[in-house]
Amino acid sequence: MMYRTQAAAKFHGILKHLNHLPSSLAMSKTSSGAPSKQYVSQSKRAPTPGTATVLALGKALPSQILPQDCLVEGYFRDTKCEDSAIKEKLERLCKTTTVKTRYTVMSKEILDKYPELATEGSPTIKQRLEIANPAVVQMALEASLACIKEWGRPKSAITHVVYVSSSEIRLPGGDLYLASQLGLRNDVGRVMLYFLGCYGGVTGLRVAKDIAENNPGSRVLLTTSETTILGFRPPNKDRPYDLVGAALFGDGAAAAIIGAQPMVGSESPFMELNYAVQQFLPGTHNVINGGLTEEGINFHLGRDLPVKIEENIEAFCKKLMAKVGLTDFNELFWAVHPGGPAILNRLEGTLKLGNEKLECSRRALMDFGNVSSNTIFYVMENMREELKREGGEEWGLALAFGPGITFEGILVRSL
């Protein structure tokens with residue numbers, strides 16, 4: 001497998017020079033390639049009785065790594081595009097995203113087997129699903145195993161599965177394949193959340209919270225898994241928004257164990273899910289939309305998305321904060337899905353946040369790109385270490401935005 005430290009100066013393109021990896025679906029169990037270790041929390045605060053907590057985290061990444069400064073040349077070579085104007089535009093976009101590295105299921109082996117994926121207008125949904133369906137479950141499996149290992153309790157203690165993905169289409173769904181491959185008991189309660197896009201991870205947390213709090217003793221495995229295979233296509237001047245996806249989005253998976261009433265001595269909660277709100281903005285359903293075609297999934301991202309978020313974010317955050325009487329945005333910690341730098345910049349400016357408040361989100365964007373529903377967990381992983389410091393904030397907000405336009409938010413508490 002190829003990990004970040006092997007990405008190397010000799011990497012000259014997006015696909016051709018990936019050292020001919022033996023398996024396009026080989027996944028890394030952690031970002032460093034080392035086995036995950038059980039995380040031991042140094043809790044400073046006692047959990048609220050009956051309120052859901054995050055007991056463990058895990059993630060998995062495809063073995064193909066994409067340095068951002070190599071993307072344009074490789075992408076245009078592999079799609080045989082010679083339009084210099086589009087190329088220059090993508091180069092500008094890549095510089096403004098702040099992304100440094102991403103990971104992808106797509107590989108030279110896949111394009112060699114399915115060259116039609118790089119051909120404009122080819123009906124390839126069948127081929128894309130042949131790749132994506134097993135890939136997202138494999139990533140979800142690796143992330144779940146890493147999470148369960150960190151949790152430290154047996155798989156038999158998992159009572160529910162919440163499975164989030166916008167990257168696979170089949171019946172039965174990935175939730176069943178994941179439960180089977182993990183060896184979970186056959187009466188595990190399963191929930192699928194499909195095609196929510198970027199806010200799916202926080203929706204998953206909200207649903208897992210409700211399950212955990214309404215089923216005493218339950219332990220919920222929440223997993224998210226995404227790949228850009230369904231949307232990969234050659235650049236086209238009639239689809240300028242495709243370039244945003246090429247410059248910004250990546251692949252990966254994440255997992256969390258959610259439960260109330262943590263077991264003293266055997267579970268290590270680090271964050272409490274205190275209060276959750278979902279809200280859509282009327283009349284904005286066309287700002288982010290997508291549709292399934294014979295060529296895969298087509299997405300449209302409106303240019304006014306950051307403005308719409310900016311106009312509505314303050315009232316939404318105040319609704320969450322009012323639950324515990326909070327009024328000062330800078331007295332909170334912030335776990336925000338990094339949909340892109342423009343969204344983070346506008347949120348920071350509108351709420352007058354200190355420069356350090358969105359650092360965990362910016363770092364996740366830089367290291368992984370926008371990985372849709374997964375990214376909030378990469379932000380939370382960054383934040384876990386920050387919250388351990390002495391004098392850290394007690395309360396925070398976990399936020400994500402996506403099609404609808406939908407706002408998803410949770411008032412969270414550091415333990």
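A search of the whole structure, which is a predicted model, finds three cavities of 30 Å³ or more. A cavity is here a set of points, on a 1 Å grid over the protein atoms alone, where a 1.4 Å probe fits but cannot get out, and lining residues have an atom within 4 Å of a point. Grid points are joined across faces, edges and corners, and a volume is the space filled by probe spheres set on the points. The second largest cavity has a volume of about 40 Å³, and its lining consists of L57, G58, K59, A254, A255, F377, Y378 and E381. At least two lining residues come from each of β2 (53-62), β8 (252-259) and α11 (375-387). By class, the lining divides into five nonpolar, one polar and two charged residues, where Ala, Val, Leu, Ile, Met, Phe, Trp, Tyr, Cys and Pro count as nonpolar, Asp, Glu, Lys and Arg as charged, and the others, Gly among them, as polar.

Residues are numbered from 1 along each chain as its sequence is written. Local features need pLDDT of at least 70, side-chain atom pairs count only at pLDDT 80 or more, and totals for chains, interfaces and linings use all residues, while side-chain values use heavy atoms, with hydrogens and water left out.

The protein chain has eleven helices and 14 strands, these being DSSP runs numbered from the N terminus (H or I, at least four residues, for helices; E, at least two, for strands). Of its 415 residues, 59% count as buried, a term that means under 20% relative accessible area, with exposed meaning over 50% and partly exposed in between (1.4 Å probe, protein chains only). Among the contacts in the protein chain with a separation of 6 or more, 82% are accounted for by residues 24 or more positions apart, a contact meaning heavy atoms within 4.5 Å.

The largest nonpolar core has 51 residues, and L90, W151, I158 and I257 are those with the most contacts inside it. Helix α4 (residues 125-151) gives the most to this core, with 13 residues. Such a core is a set of buried Ala, Val, Leu, Ile, Met, Phe, Trp, Tyr and Cys residues joined through side-chain atoms within 4.5 Å. Leaving aside residues up to four places away in sequence, I158 touches I148, W151, L184, R185, V188, R219, L221 and I257. A second, separate core of 42 residues includes L193, I211, A335 and V371.

| Strand pair | Bridges | Sense |
|---|---|---|
| β10 (residues 288-293) and β11 (residues 296-301) | six bridges | antiparallel |
| β2 and β9 (residues 271-280) | two bridges | antiparallel |
| β9 and β14 (residues 406-414) | nine bridges | antiparallel |

A hairpin joins β10 to β11 through two residues, and G291 has N298 of β11 as its bridge partner. Strand β9 takes part in pairs with β2 and with β14; T53 has E272 of β9 as its bridge partner, and Y275 stands opposite L411 in β14.

F407, which lies in strand β14, counts as buried because its relative accessibility is 0%. Not counting residues up to four places away in sequence, F407 touches V277, Q278, Q279, L281, K308, I309, N312, I313, F316, A400 and F401. F407 and T203 are 204 residues apart in sequence and 9.7 Å apart in space, C-alpha to C-alpha.

V244, in helix α7 (residues 241-248), counts as partly exposed, since its relative accessibility is 29%. With the same exclusion of residues up to four places away in sequence, V244 touches L93, F249 and L301. The C-alpha atoms of V244 and C94 are separated by 8.5 Å, although these residues are 150 apart along the chain.

Most residues other than glycine have a negative phi, and most peptide bonds are trans. The peptide bond from L171 to P172 is cis, with omega near -5°, and P172 is found in the loop between β5 (160-165) and α5 (174-182). A cis peptide bond also joins G404 and I405, with omega about -20°; I405 is found in the loop between β13 (395-402) and β14. K80, in the loop between α1 (68-78) and α2 (84-96), has a positive phi of about 55° and is exposed, with a relative accessible area of 71%. F195 likewise has a positive phi of about 55°; F195 is placed in the loop between β6 (189-194) and α6 (200-214) and counts as partly exposed at 39% relative accessibility.

Notes
On a 1 Å grid over the protein atoms alone, a cavity is a set of points where a 1.4 Å probe fits but cannot get out, and a pocket is an open set with protein on both sides within 12 Å along at least five of seven lines; lining residues have an atom within 4 Å of a point. Two strands pair if DSSP finds at least two bridges between them.
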